[in-house]
Amino acid sequence: MRTLTGREAVREALTEEMKRDEKVFLLGEDIGVYGGAFGVTAGMIDEFGEKRVRDTPISEAAIAGAAVGASLVGMRPVAEMMFMDFITIASDQIMNQGAKIHYMFGGQLNAPFVLRMPAGAAEAGAQHTQSLEALLYHIPGLKVVMPSTPYDLKGLLKTAIRDDNPVMFIEHKKGYGEKGEVPEEEYTIPFGKADIKREGKDVTIIATSHMVYKALNAAEELEKKGVDAEVLDPRTLVPLDMESIVKSVSKTGKVVIVHEAHRRGGIGGDIAARISDSDAFYYLEKPIKRVTGPNTPVPFSPVLESEFIPNEEKIIEAVLKITD
Amino acid sequence: MELSEEKKENMYRNMLRIRQFERKVDQFISRGDITGTTHLYIGQEAVAVGAVNALEKEDYISSTHRGHGHSIAKGSDIKEMMAELFGKSTGACKGKGGSLHIIDTETHNLGANGIVGGGIPIAVGAALAMDMQEKDEVILNFFSDGAMNQGAFHEAANLASTWNLPVVFVCENNQYGMSTSVEKAFNIKDLAARAKAYNIPGVKIDGNKVLEVYDAVKEGVKRAREGGGPSLIVAETYRWKGHSKSDAKVYRSKEEEQAWKDRDPIAHFEEELKNEGLLDDDKVKKIHEEVDSEIEKAVTFAQDSPYPAKKELFDDVYVDAEVEL
Ligand SMILES: Cc1ncc(C[n+]2csc(CCOP(=O)(O)OP(=O)(O)O)c2C)c(N)n1
Ligand SMILES: [Mg+2]
């Protein structure tokens with residue numbers, strides 16, 4: 001099968017959906033001739049023109065709000081936040097407006113827009129590196145998608161664009177350069193279906209976004225130490241595939257949850273709580289462990305940043321604590 | 001107001017310090033010694049230097065992601081700046097901030113900002129504090145054209161005007177926010193026209209002429225200090241380099257770039273000072289040598305400095321160290 005980078009996979013999903021449905025259009029900062037800060041939309045303005053690949057002023061509230069508004073009146077906007085950190089500027093439009101429109105108006109209106117946003121630490125200091133999925137996860141009405149591989153990025157983005165709800169689509173900057181197999185044929189991936197990225201019987205590592213790659217590396221190392229780890233990628237956080245999580249945990253009896261976001265209030269805590277609430281509780285042999293970013297902002301200095309980001313070593317250490 | 005010869009020479013020297021500092025940084029970026037995102041100030045030196053020289057020492061500034069020039073003009077130690085760019089523990093923010101977050105409390109610089117427009121309300125808040133404490137100081141708030149389309153700008157400008165606060169807004173219209181030209185992002189030509197909406201004075205000036213910047217800012221500062229409230233100065237200028245290292249500059253022409261380079265703010269000021277008899281070729285050469293050697297020292301300092309210890313990751317999250325992390 002051919003391989004694509006994460007960046008190409010996202011671009012292909014956007015391109016295919018724009019060809020399929022003329023109501024789909026893009027808006028965001030520098031997504032036109034510049035091709036987006038991370039090159040995701042490179043060349044798309046040539047194919048679709050500036051009406052459907054719309055460069056905006058630096059106005060995140062207006063970008064998100066325009067996506068909400070256009071989605072109410074027949075369009076299918078896919079807006080880009082140049083960095084996920086900037087959802088804070090757009091947060092009224094996302095959280096008070098877009099997320100609540102369907103519910104508070106008694107189901108009379110839909111807001112089928114997608115907000116794409118690159119997250120994650122990548123050498124840019126405290127305001128360009130955050131993984132803020134927990135903020136979005138907390139808000140009823142938003143679907144939250146956080147894929148890892150090119151295959152998942154493409155299939156889930158196509159589903160996101162066709163979904164009738166607001167979908168927060170979180171890409172990891174480091175995932176743009178990762179390569180992976182992506183079929184030429186059309187496919188979509190349903191929301192709420194976790195993917196077992198590696199089967200194992202001794203411990204379940206639940207990892208999100210770019211942490212999936214680290215979990216897979218860690219699992220290989222662990223195998224040499226005689227530990228057979230299962231790596232489960234939830235892929236979508238809302239909806240979350242608890243069924244697959246319960247099934248895996250019931251098999252292994254041990255869980256390590258890995259995310260790059262800060263530990264306090266991170267989604268790992270909620271996943272752990274939901275495991276404890278579930279039938280998997282009776283199969284747990286050891287405490288649930290979390291490997292996460294610490295409760296500090298992301299520092300600039302490369303040595304400090306790499307200390308911030310969870311790595312293979314820390315995952316292995318956490319796994320060995322409950323399997324040894 | 002007439003500037004002393006010494007001050008003029010110093011302004012020239014500072015413009016050069018900014019340019020040479022940025023050139024050095026540019027080299028280290030291409031070599032990969034400086035990581036992450038850095039935005040160079042080359043081409044805009046007259047704005048920072050002209051504006052800051054219109055301030056008293058105790059006055060404040062607040063800066064942007066393209067902030068090296070502002071810091072240097074305000075008198076920051078370039079050794080600490082360079083070390084910060086290298087992510088070293090001797091840096092202006094102990095390596096925590098990087099280029100986007102250089103600050104210098106000693107020189108009353110409230111810091112660069114990674115969020116476009118994020119610094120504008122903060123500057124207004126600082127002005128509020130000065131007003132409430134009946135201080136004499138004012139704050140000069142730098143931002144560029146792109147930031148003017150953030151809600152934060154409009155909200156802050158309105159508040160500053162309504163509360164009559166001592167802030168001078170200096171918009172460096174360098175014609176682009178990343179790839180987006182002013183023509184594409186605004187439906188007005190003169191950005192200073194926005195001042196009308198807040199009932200404050202607004203002027204457009206040639207931002208490549210350091211003395212013109214100085215004069216305009218001097219007036220805004222005087223007004224603010226005397227209780228006349230905020231004003232907006234739009235300095236027309238140009239960023240010579242790409243927005244950041246990954247910018248292929250496909251959105252503008254070589255001719256346009258050349259036309260602006262032909263209006264080099266440093267060459268222009270140099271010529272002016274030569275005509276006045278303040279500078280000659282020998283003097284210029286000497287200043288160049290002094291500036292370059294100062295920058296080399298900063299580089300050596302940065303390179304020789306240690307990285308932060310890993311445990312420093314957990315320092316300074318809260319003021320009180322005992323808060324659980
Ligand atoms: C809120 C926000 N949106 C987008 C960005 C990404 N970004 C950084 S600088 C920049 C362009 C800023 O343009 P302008 O304000 O004109 O400043 P200049 O780069 O010209 O100095 C953009 C879009 C950001 N840092 N913050
Ligand atoms: Mg600009």
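This briefing covers a strand sheet and the aromatic rings of the structure above. The model is predicted. In chain A, 5 strands form an open sheet. Over all chains, the count of aromatic pairs comes to 14.

**The sheet in chain A**
- Strands of a sheet pair through backbone hydrogen bonds, either parallel or antiparallel.
- Here the order is β9-β11-β10-β13-β14, and the pairing is mixed.
- β9 (195-198) and β14 (289-293) of chain A stand at the edges; each has a single partner strand, so one side of each is left without a neighbour in the sheet.
- From one strand to the next, the twist averages 25 degrees.
- β13 (residues 255-262) and β14 of chain A run parallel, joined by 5 bridges.
- A:V258 stands opposite A:V291 in β14(A).
- Helix α10 (residues 267-277) of chain A lies across β10, β13 and β14 of chain A. The helix runs at about 155 degrees to β13(A).

**Two aromatic pairs in chain A**
- The ring centres of A:F38 and A:F83 are 5.3 Å apart and the planes are at 70 degrees, so this pair is edge-to-face.
- A:F38 and A:F83 sit in loops, 45 residues apart.
- A:F38 is partly exposed, at 23% relative accessible area, whereas A:F83 is buried, at 11%.
- The ring centres of A:Y151 and A:Y187 are 4.4 Å apart and the planes are at 5 degrees, so this pair is stacked.
- A:Y151 lies in helix α7 and A:Y187 in a loop, so the pair ties together parts 36 residues apart in sequence.

**Clusters and charges**
- One aromatic cluster is formed by A:Y34, B:Y176, B:Y238, B:Y251 and B:W260.
- The charged end of B:K79 sits over the ring of B:F301, 5.8 Å from its centre.
- B:K88 has its charged end over the ring of B:Y307, 4.9 Å from the ring centre.

Note on methods:
Residues are numbered from 1 along each chain as its sequence is written. Chains are lettered from A and ligands numbered from 1 in the order in which they are written. This is a predicted model: local features need pLDDT of at least 70, side-chain atom pairs count only at pLDDT 80 or more; totals for chains, interfaces and linings use all residues. Side-chain values use heavy atoms; hydrogens and water are left out. Two strands pair if DSSP finds at least two bridges between them. Helices (H or I, at least four residues) and strands (E, at least two) are DSSP runs, numbered from the N terminus. Axes are lines fitted to C-alpha atoms, for helices over the stretch in contact, and angles run from 0 to 180 degrees between N-to-C directions. Contact means heavy atoms within 4.5 Å. Rings of Phe, Tyr and Trp (its six-membered ring) pair if their centres lie within 6.5 Å; planes under 30 degrees apart count as stacked, over 60 as edge-to-face and the rest as tilted. Buried means under 20% relative accessible area, exposed over 50%, partly exposed in between (1.4 Å probe, protein chains only). A charge sits over a ring if NZ of Lys or CZ of Arg is within 6 Å of the ring centre and within 35 degrees of the ring normal.
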